[in-house]
Amino acid sequence: MKSAIQQWIRNAALAAHAAGALPSDLFPAVEVDEPKSDAHGDFATNFAMLAAKSQKLAPRKIAQALVDHLSDPDGRLARVEIAGPGFINFYLQPWAWPPVVAQVLAQDQGYGATDIGRGQRIQVEFVSANPTGPLHVGHGRGAAVGDSVARILSLCGYDVQREYYINDSGRQIQTLGRSVILRARQLLGEEIDFPEDCYPGDYVRDIARGVLDEKGADFIRGADDAAVLYCARVAAGQIIAGIRRDLALFGIGFDRWFSEQSLFDSDEVTRSLEELKARGVVYLQEGAWWFKTTDFGDEKDRVVVRQNGQTTYFASDIAYHRNKLQRGFDRIIDVWGADHHGYIPRMTAAVEASGGRREQFQVLLVQLVSLLRDGQPVAMGKRSGDFVTLREVLDEVGRDAARFIFLTRDYVTPLDFDLEVAKQKSNDNPVYYVQYVHARIASILRKAREQGVAEVAWREPAGRRLVEAEEIQLIKALARYPEVVAAAAQALAPHRITFFLMQLAALFHAYYNKHRVLTEDGDLTLARLCLVLAVQKTIRNGLSLLGVTAPEQM
RNA sequence: GCGCCUGUAGCUCAGCUGGAUAGAGCAACGGACUUCUAAUCCGUAGGUCGCAGGUUCGACUCCUGCCAGGCGCGCCA
């Protein structure tokens, strides 16, 4: 609908210019929006104000010229007015809206889809938690955001690949191995002060028990580097398996699990460093190799090979992102925790130095989650070992509530996640508010079937019976959905879907309370059934972008 | 000290990339279930958009400077 208006304005501008009413053929992009107030019409444009400079005419004169040359072949426009400093307000005929319902029904699961991505290949890398412990709530937020962004982009015509990067190499993995050995020795009765830098969680003890059972006490007592490495591999393997299970429970899957170690095995780390050396952006100083990230806007250069000859984590990451570029992605999106923001300039430098363009690479910084219970903070932090895992949260509040809450806030703002609120089945917890719409409509449809309505299908004269203000409001909201999805894709902002759904739900609940769908009047009933079915489908489609289910009953 | 993010109703947050009179939910108060699910709805009240300048037809939105909070500034990952 909006695009139709844009086209009308564009045509009117050209016609006005052709007729000599507008001096210049330089026109700004046509922006059409939906005014907050009904007093300003169904749609409005600021085109005349924007064009004032190039036309060298007063905005209201331009607006008048446009209105004079506006053509509306099918008569959908009821009225056009020029208002304020030069807004043009469009009022549609009431009958212009109901056909949207037919469109929603016809497109069904595809309603909301667009092709703004034009098949562009885009990779979303998210979660990528280190395999040193189970996922916690913060990872959950990143998972919800990354997954939803991927779903939205897919629906908008992007060719999306989801990836999880496993840091299964380097020092922390060694620390993990050491932790296992130490726990195993404790199990053997040794008195050991567990070091600060090791991983204390119960899961480490479980893994240690497993290794002990399998390899025997001598293996643990005489542990050498190889044994530590062995324990590290076993532990990482088990932890990753657990992470996969938790993510599956959360409804999240990946196209690829990418191992950091594989970059060493394939020599890509070395090769990427050689390439950078060849480009002259890596230099030797005080026995270490430095990447000149300052050439690319970073505040200081960064070490890639330490004095001791070991590569840094950053070196792996350079190789990893070079690998991504080589796989031919047009865009690369990384979802990170906000505490990594200082890492962005150097990573951008790496992408650029590896032959990518800086616009190709984008990082979504997901802010911290604080876990609360009844407003009181719940202890977290790996060091203490008693942090609440994502799994525990899912078991307690359920997948739908958790995902919805993670996405009811823009990810740039910190989030308080209150376990008690998440469990509440009230308006405090909007996931149920939205799901309730779906269930209520399912109930209406069941009832209609009982009353002998064989099929809910759009039929033309009947459709004209949708004339109530609440009905038109609902249809307008439905019409907006594809634009909301597209905007969410462009801004990489899944919370826009969430807010749209809450708004649509509010409109539906209000309508439901004021008007009956099932009436004595066959045509009216059919029209309203079509409307609520369209609402139901849109709710379902929107929820699916969030990874939330749409229940038939509650 | 430097950098990034945030500051909107008592609380939690939106505000469609500069548009018209700044919006929701919760909390408060008053109402609505013999009728398709009350996990719902209707109404009342609630604001110096952190502060001060600037840019322009027009600023919550952009720029500058302050103030407050969070996070980050390793040859850790």
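How many residue pairs are in polar contact across the interface of domain 1 and domain 2? I looked this up first, and the rule finds two such pairs, both at pLDDT 80 or more. A polar contact here is a pair of N or O atoms within 3.5 Å; within protein, one must be able to donate a hydrogen and the other to accept it, and residues adjacent in sequence count only if both atoms are side-chain atoms.

**Ground rules**

I am working with a predicted model, where local features need pLDDT of at least 70, side-chain atom pairs count only at pLDDT 80 or more, and totals for chains, interfaces and linings use all residues. Residues are numbered from 1 along each chain as its sequence is written, chains are lettered from A and ligands numbered from 1 in the order in which they are written, and side-chain values use heavy atoms, with hydrogens and water left out.

**Domains**

I noted the assignment for chain A: domain 1 (2-92), domain 2 (99-116 + 427-545), domain 3 (171-239) and domain 4 (266-364). These bounds come from an automatic or database domain assignment.

**Domain 1 against domain 2**

I find the C-alpha centres of the two domains 31 Å apart. Four residues of domain 1 are in contact with four of domain 2 (contact: heavy atoms within 4.5 Å). By class, the side of domain 1 that touches domain 2 has four charged residues, no polar and no nonpolar ones (Asp, Glu, Lys and Arg count as charged; Ala, Val, Leu, Ile, Met, Phe, Trp, Tyr, Cys and Pro as nonpolar; the others, Gly among them, as polar).

I then checked salt bridges (a side-chain nitrogen of Lys or Arg within 4 Å of a carboxyl oxygen of Asp or Glu) and got three between domain 1 and domain 2. The side chains of K2 and E483 meet in a salt bridge, at 3.2 Å from N to O.

K2, E34 and D42 supply 81% of what domain 1 buries against domain 2, more than any other three residues.

**A four-stranded sheet**

I traced an open antiparallel sheet in the order β1-β2-β4-β3. Strands are DSSP runs (E, at least two residues), numbered from the N terminus, and two of them pair if DSSP finds at least two bridges between them. β1 (32-33) and β3 (77-83) each have a single partner strand, so one side of each is left without a neighbour in the sheet. β3 pairs with β4 (residues 87-92) over six bridges, and I82 stands opposite I88 in β4.

Conventions
Buried area is the accessible area (1.4 Å probe) that two parts lose on being put together, summed over both.
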